[in-house]
Amino acid sequence: MRLVVLGCAGSFPGPDAAASAYLVQAEDGEGRTWSALLDLGNGALGALQRWGDPAALDVVALSHLHADHVADMAVLGVYRRYRPSGALPPVAVHGPEGTAERLAHLSGKDPATDTTEQFDVRTWQVGVPVHVGPLTLEAVPVEHPVPAFGIRVGGPSQDDPARRVTLAYSGDTDACAGLDDLATDVDLLLAEAAFVEGRDDHVRGVHLTGRRAGAAAARGGARSLVLTHVPAWNDPQAALAEARAVYDGPLTLATPGATYHL
């Protein structure tokens, strides 16, 4: 199983990165590649075309419905509907309650960009895993101002397909029990770090700092940590330093195109 960072900018696209979007892929026993897309924020459809085929997606998993995580779903619908070779069949989209209405609003309720025929929208059911080929996705509620989920993805190891590995994506969250559940015994924790210690301490229930992400990784025994969702106005090295102070495992900062083999 591998993770490709398509977009990692926090809260809005940065000068060098699209907003949140992550491609997870794995091969099954017959060599078929299965693709799961975690979020698709502003500008990320362009990156998806560089690193994967938007026509080959098997599932889209949305953590929550803020624009920096779902805005390019509208244009993905256009891509899937108006391809010269013909419209694609609907792809499964899992998200919070209200996802179908949110996608309709993003399209402006314009019949020409209607996405209803391109997306088979389903609401996350906590405790009910989603099986897609060799991949298993599980939604975990986290703390954010709107209904939000982190996502655990299990699949075959890149080096030993007989062994299962797990990555966890925090989505947007503050420190909470759900984040600890996500971080427990994972091979890779992909955690947002949009806030800065000492600057944003008065705002809780919205985002993590690098320190809070690192502390969750340490508590859960995560075997590696990747920080993401750092806004352009933040110093990413500060987020890394905060996490390093409390987490001593492998630690990196997400960058566009970075690929992690599990």
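A: The side chains of Arg204 and Asp174 form a salt bridge, 2.8 Å from N to O. A salt bridge here is a side-chain nitrogen of Lys or Arg within 4 Å of a carboxyl oxygen of Asp or Glu. This is a predicted model, where local features need pLDDT of at least 70 and side-chain atom pairs count only at pLDDT 80 or more, while totals for chains, interfaces and linings use all residues. Residues are numbered from 1 along each chain as its sequence is written, and side-chain values use heavy atoms, with hydrogens and water left out.

Q: Where do Arg204 and Asp174 sit in the chain?
A: Arg204 is in the loop between strand 11 (188-192) and helix 6 (210-220), and Asp174 is in the loop between strand 10 (164-169) and helix 5 (177-183). The two are 30 residues apart, so the pair links distant parts of the chain. Helices (H or I, at least four residues) and strands (E, at least two) are DSSP runs, numbered from the N terminus.

Q: Is Asp174 buried or exposed?
A: Asp174 is buried, at 2% relative accessible area. Buried means under 20% relative accessible area, exposed over 50%, and partly exposed in between, with a 1.4 Å probe and protein chains only.

Q: Which residues are in a network with Asp174?
A: Salt bridges link Asp174, Arg204 and Arg212 in a network. The structure holds nine salt bridges.

Q: What does Asp185 pair with?
A: Asp185 meets Arg223 in a salt bridge, 2.8 Å from N to O. Asp185 lies in the loop between helix 5 and strand 11, and Arg223 in the loop between helix 6 and strand 12 (225-228), 38 residues apart. Asp185 is partly exposed at 47% relative accessibility, and Arg223 is partly exposed at 39%.

Q: Which other salt bridge does Arg223 form?
A: Arg223 also has one with Asp187, where the closest N and O atoms are 3.1 Å apart. Arg223 is in the loop between helix 6 and strand 12 and Asp187 in the loop between helix 5 and strand 11, so this pair ties together parts that are 36 residues apart in sequence. Asp187 counts as buried, at 18% relative accessibility.

Q: Switching to the inside. What is in the largest nonpolar core?
A: The largest nonpolar core has 34 residues, and Met1, Val24, Leu38, Leu137, Val153 and Leu167 touch the most other members. Such a core is a set of buried Ala, Val, Leu, Ile, Met, Phe, Trp, Tyr and Cys residues joined through side-chain atoms within 4.5 Å. Apart from it lies another core, of 24 residues, including Leu225, Leu240, Ala243 and Tyr247.

Q: What does Leu167 touch?
A: Not counting residues up to four places away in sequence, Leu167 touches Met1, Leu3, Val24, Leu38, Ile151, Arg152, Val153, Leu188 and Leu262. Contact means heavy atoms within 4.5 Å.

Q: How much space is in the largest pocket?
A: About 250 Å³. It has 18 lining residues, and the closest to its centre are Cys8, Ala9, Ala17, Val230 and Pro236. The lining divides into 12 nonpolar, five polar and one charged.

Q: And what counts as a pocket or a cavity?
A: On a 1 Å grid over the protein atoms alone, a cavity is a set of points where a 1.4 Å probe fits but cannot get out, and a pocket is an open set with protein on both sides within 12 Å along at least five of seven lines; lining residues have an atom within 4 Å of a point.

Q: How many cavities are there by that rule?
A: One cavity of 30 Å³ or more. Its lining is Ala193, Phe195, Val196, Asn234, Asp235, Ala238, Ala239 and Glu242.

Q: Where is Ala254, and what is it in contact with?
A: Ala254 is in the loop between strand 13 (251-253) and strand 14 (259-261). Ala254 is buried, at 7% relative accessible area. Leaving aside neighbours within four places in sequence, Ala254 is in contact with Val5, Cys8, Val226, Leu227, Thr228 and Tyr260.

Q: Last topic, the backbone. What is phi at Asp39?
A: Phi of Asp39 is near 70°, a positive value in a residue other than glycine. Asp39 is in strand 3 (residues 33-40) and is buried, at 0% relative accessible area.

Q: What about His229?
A: His229 has a positive phi of about 60° and is not a glycine. His229 lies in the loop between strand 12 and helix 7 (236-244), and counts as buried at 1% relative accessibility. Most residues other than glycine have a negative phi.

How values were computed. Points joined across faces, edges and corners; volume = space filled by probe spheres on them. Nonpolar A, V, L, I, M, F, W, Y, C, P; charged D, E, K, R; others polar.
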